[in-house]
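This report covers aromatic contacts, nonpolar cores and a helix crossing. The sequence and structure come first.

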Amino acid sequence: MPNFWSDDVTKGAILYSFQDSYEMGTSMIELQRKVLQRSIIEAAGQEFKVLVVDKQSRGLIDNVLREDDILHGNVTNIEQIEEPRDLNPDMDAVYVLTPQPHIVDCLLADMEQQRYRRSFLVWTSELDHHLRRRIECLPTARDQIADYKTLYVDYYPRETQLVTFRDPSSFFILFHPDCSNLVRGHLEALAQKVVSICVSLGEYPAVRYYRPRAPTHEAGVLCSHLARFIQEALDSHARLHPNYPPPTSTPKPRAILLITDRTMDLLSPLVHEFTYQAMALDLLDIKDGDKLTYLNTVNQGRPNEETKEVEIGEADKIWTANRHMHMKDLLGKIVDDFKKFREAHPQFAENDGASTSVNTIKDMLAGLPEFSEKKEAFSLHLDMAEKCMKIFQENKLLDLGSVEQSLATGLDEDYKKPKNLADQIVRLMDDESVPQEARLRLLILYILYRGGLLNGDIQKLHAHAQLQAQDRDTIDNLDLLGARVRKPLKDMSSRPDPIFPTKPPAGPLEEEVSLSRYEPAMRSMLEEQIQGTLDPLIFPPTKPHLEGNGIGIDMAAQQTSLRTANKPTWARTRPVANEQRQRILVLMAGGATYAEARACYQVSQNASKEVFLITSHMLTPKLFLHQLRGLNLDKRRLDIPAERPPPKAPAHLFERQQAPGLPQQQKPKQASQPLPNTIPPTAAMHNMSLNSKPENGARPIGAFNPSLPSSPATGQAGKLKKNKDEGEKKKKKHHFFK
């Protein structure tokens with residue numbers, strides 16, 4: 001039997017990710033699908049086995065794999081470790097588990113019961129050495145464990161270049177004033193997930209992070225701390241795994257990891273976006289959960305009319321091909337695509353002379369039962385696009401969008417200082433056609449544009465907009481994200497200069513382009529990074545002593561010719577022959593917008609790079625306002641998962657069972673309860689300083705306090721051990737960001 005703690009097994013699992021990332025290019029979904037499927041199939045081998053998962057690992061698998069893909073790989077059935085299961089001592093099991101304490105308890109209970117003959121363990125991320133020790137202490141573990149692998153897949157690819165962690169509570173942990181005790185554990189967890197993505201891609205990136213010029217909010221040092229957690233985690237992984245990063249046969253520029261947070265751009269979650277994906281998720285009733293789903297009515301007005309929930313995802317080719325297209329262009333393209341579809345099928349010959357309008361197309365599709373899949377796809381997007389344009393007209397989004405663009409860019413359509421904005425805003429707020437949520441967004445944009453307003457002016461605009469009392473809390477909570485809301489009567493200071501000022505275009509703009517003058521700050525950040533002009537004072541590196549001009553030294557640059565040696569690989573806009581495209585990873589802490597996702601795809605295409613967006617969750621304007629409103633609520637009302645009691649292994653797992661066919665004992669014995677998690681205090685963390693050296697001896701704003709106790713939200717020790725100095729800790733309680 002192999003040593004299941006050896007590094008050789010773990011290295012092999014990592015190499016799956018490296019190899020696949022080079023083979024498949026940009027698709028994070030395909031990368032994770034192949035890694036998981038191959039690991040399960042290879043663990044199963046030639047004999048049939050049971051696949052055992054937990055709730056979280058099941059979500060990771062279901063996100064990229066169909067159940068049939070698994071069952072066709074010598075897997076007889078799929079069981080969940082937390083649920084009651086029969087003993088199956090004649091069958092081997094492949095475990096795909098998340099390395100959590102209560103899941104280890106479940107695994108130990110299975111092994112004590114000898115529920116299966118042998119166990120092939122596959123962990124979704126690195127198993128903590130304290131949890132390893134608990135498995136080692138089980139006498140029967142070495143006899144039962146046949147193989148052990150670590151995969152770095154504890155994230156959820158949502159699109160080819162978009163990865164989320166499905167954690168909306170991250171916003172509250174990072175910005176709610178009463179969640180300081182959760183911040184450290186949350187940043188550590190974020191760092192480990194980012195490392196998993198880097199390992200999956202085979203990248204050891206140079207790290208840069210957003211540092212606000214003059215932060216006034218407590219979370220102004222968030223990116224600084226997060227960057228250092230990530231850098232330490234990357235360095236630690238490299239020390240423990242000599243094959244990371246892997247060598248390549250062709251020149252490969254070093255990847256860049258840009259770390260930023262929601263406070264860098266408060267405009268993107270508020271401005272109306274008129275590209276298909278962002279507009280649809282803003283205006284339509286699309287459920288944005290583990291999957292994007294929409295209630296679509298097919299065969300409308302016919303006897304076989306039906307309404308059903310449709311998934312909108314990467315399998316939908318119309319969606320992936322058009323989601324970043326402007327709405328005006330989208331309608332024309334769908335009509336053109338349908339014309340081509342009609343020309344390819346003789347059934348449409350009798351309609352050649354008819355005009356091809358949206359309603360005509362929908363009528364034609366309703367009569368084509370033999371093309372049901374294509375029919376439903378066209379019908380779905382025609383319906384969604386038609387509803388978007390209807391709302392656009394009814395809610396006067398043309399006028400509203402024009403004012404929003406001036407507020408967001410600080411320039412009018414002629415790229416001059418806008419005039420009479422206040423009058424236009426009041427007129428829109430008095431218009432009953434403009435929804436209340438849109439009025440609130442407009443008011444917030446005006447406050448951000450002015451850099452704060454007098455309290456009396458805010459009250460007047462609030463009355464014009466007929467907003468609710470709770471909307472005042474939403475506005476006031478902008479302070480927690482670094483925005484100034486109210487300013488004194490005699491304060492004549494102007495708003496701070498934007499990080500990336502809007503640049504006038506070379507030529508005149510068309511109408512639809514004038515409604516899209518604003519681009520997220522993320523796009524400007526990426527473009528300046530590629531051009532080598534990104535300000536190192538606002539985006540410093542984590543290792544300035546090892547990196548030239550604030551940018552990472554490219555390890556592959558040493559292998560380039562003298563002709564290209566004077567131009568670092570991170571600054572090239574086009575790759576040289578036989579060179580792999582550089583990867584840029586962007587971490588947006590606190591949630592990202594669909595406009596920012598679009599920017600990543602467009603920069604990838606324009607600059608021949610591979611840009612990946614990583615975030616806790618995706619933000620729509622409605623969700624952003626909802627979360628902003630919650631920043632002054634009692635955190636107990638927010639139901640933050642990290643505040644819940646640590647999950648425990650179900651009691652039924654520790655009840656002694658009999659294998660099928662054996663006589664029942666009269667009094668079944670109890671299996672041993674889970675071992676206490678005896679994790680020693682992390683004294684090193686107490687003494688660690690995460691701050692860069694202060695200038696002129698001054699303490700940085702929000703400087704990290706080294707006396708801060710480790711957060712109980714890390715999930716490692718839970719509540720299993722009390723510190724004897726608990727009373728002393730209470731006296732030393734401080735905010736994380738202070």
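## Aromatic pairs

The structure holds 10 aromatic pairs (Phe, Tyr and Trp rings, the six-membered one for Trp, with centres within 6.5 Å; planes under 30 degrees apart are stacked, over 60 edge-to-face, the rest tilted). F274 and F392 form an edge-to-face pair, with 5.4 Å between centres and 85° between planes. This pair links distant parts of the chain, 118 residues apart. F274 lies in the loop between β9 (256-261) and α11 (276-283), F392 in helix α15 (residues 372-394). Helices (H or I, at least four residues) and strands (E, at least two) are DSSP runs, numbered from the N terminus. Both F274 and F392 are buried (under 20% relative accessible area; exposed is over 50%, partly exposed in between; 1.4 Å probe, protein chains only).

F171, F172, F175 and F624 make up one aromatic cluster.

## Basis of the model

The model is predicted: local features need pLDDT of at least 70 and side-chain atom pairs pLDDT 80 or more, while totals for chains, interfaces and linings use all residues. Residues are numbered from 1 along each chain as its sequence is written, and side-chain values use heavy atoms, leaving out hydrogens and water.

## Nonpolar cores

The largest nonpolar core has 162 residues (buried Ala, Val, Leu, Ile, Met, Phe, Trp, Tyr and Cys joined through side-chain atoms within 4.5 Å). I259 and M384 touch the most other members. Helix α9 (residues 180-201) gives the most to this core, 11 residues. A second, separate core of 26 residues includes L97, M111, Y116 and F654.

Beyond neighbours within four places in sequence, M384 is in contact (heavy atoms within 4.5 Å) with Y276, A280, L284, I286, Y294, I312 and W319.

## Crossing of α16 and α17

The axes of α16 (residues 397-409) and α17 (residues 421-430) come within 11 Å and cross at roughly 145°. Axes are lines fitted to C-alpha atoms, for helices over the stretch in contact, with angles from 0 to 180 degrees between N-to-C directions. D399, L400, V403, S406 and L407 of α16 meet L421, Q424, I425 and L428 of α17.

## P177

P177 lies in the loop between α8 (170-175) and α9. P177 counts as partly exposed because its relative accessibility is 28%. N632 is 455 residues from P177 in sequence, yet 8.0 Å away in space, C-alpha to C-alpha.
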